[in-house]
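Open the model in your viewer and get ready to select residues. We will go from stop to stop and see what is there.

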Amino acid sequence: MFYIYRRRKVRRRVRRAGRMPKSPNRADYVAHKNAAREIILSRLEYFAGEYVRLDPAFATKMKFGRVSIRNQRSRWGSCSAQKNLNFNYRLVHLSPELRDYVIVHELCHLVELNHGRDFWVLVEKTIPNAQALSRHIRRLPMDKIVMI
Ligand SMILES: [Zn+2]
């Protein structure tokens with residue numbers, strides 16, 4: 001019984017994998033990931049500098065670890081408890097305004113780990129229309145955003 005159950009499960013998984021290639025946009029990712037890294041790193045530095053200008057304490061609070069550029073279909077960015085930042089390479093295909101919003105959003109998570117009021121106040125210090133951009137970016141079909 002157990003054996004039959006396992007075999008069915010494996011077959012189902014293989015079929016699903018066949019229908020849905022893991023990275024249909026791999027070529028786009030390879031072509032743009034270095035540009036994405038350069039833009040993201042330079043904007044991270046720029047905005048971290050802006051926060052330090054507002055309050056020198058941010059120089060230590062906004063120190064981040066590793067920055068990863070990934071080909072993912074579910075998130076624009078994330079910030080780990082270890083202060084590593086992770087960004088979707090598709091940010092290169094967005095407008096500079098939306099891109100900056102995502103970068104500042106993750107940068108501010110280094111200080112505020114949640115999405116509470118203090119978090120948004122911090123984001124809005126450099127991106128005053130952050131909440132509108134947040135609503136806008138949530139409506140974008142992330143998996144369809146390749147070469148514009
Ligand atoms: Zn967040």
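Leaving aside its neighbours within four places in sequence, which residues is His-32 in contact with? Select His-32 and look around: the contacts are Tyr-89 and Val-92. Keep in mind that this is a predicted model.

**Stop 1: His-32**

Stay on His-32, which lies in helix H2. Is His-32 buried or exposed? His-32 is buried, because 21 other C-beta atoms lie within 10 Å, and 20 or more count as buried.

**Stop 2: Ser-23**

Next, select Ser-23. Its place is in the loop between helix H1 (2-19) and H2. Ser-23 is exposed, because 12 other C-beta atoms lie within 10 Å, and 12 or fewer count as exposed. Not counting residues up to four places away in sequence, Ser-23 touches Tyr-29 and Asn-71. Arg-73 is 50 residues from Ser-23 along the chain, and the C-alpha atoms of the two are separated by 9.3 Å.

**Stop 3: the sheet**

Switch to a cartoon view and find the strands. Three of them form an open sheet in the order E1-E3-E2, with mixed pairing. The edge strands are E1 (67-70) and E2 (77-79), and each pairs on one side only. From one strand to the next, the twist averages 15°.

Zoom in on E1 and E3. They pair in the parallel sense over four bridges. Pick Ile-69: its bridge partner in E3 is Phe-87.

Now show the helices again. H2 lies across E1 and E3, running at about 140° to E1. H4 also packs on the sheet, where it touches E2 and E3. The direction of H4 makes about 10° with that of E2.

**Stop 4: the core**

Which residues touch the most other members of the largest nonpolar core? Select Ala-36, Ile-40, Leu-91, Tyr-101, Val-104, Val-123 and Ile-127. The core has 24 residues. Colour the elements that give two or more residues to this core: H2 (26-54), E3 (85-88), H4 (96-109), H5 (117-124) and H6 (130-138). H4 gives the most, with six residues.

Finish on Tyr-101. Which residues does Tyr-101 touch, not counting those up to four places away in sequence? They are Ile-127, Ala-130, Leu-133 and Ile-137.

Technical notes: Residues numbered from 1 in each chain as written. Predicted model: local features only at pLDDT ≥ 70, side-chain atom pairs only at ≥ 80, totals over all residues. Core = buried A, V, L, I, M, F, W, Y, C linked by C-beta atoms within 7 Å. Contact = placed C-beta atoms within 7 Å. Pairing = 2+ DSSP bridges. Axes fitted to C-alpha atoms, helices over the stretch in contact; angles between N-to-C directions.
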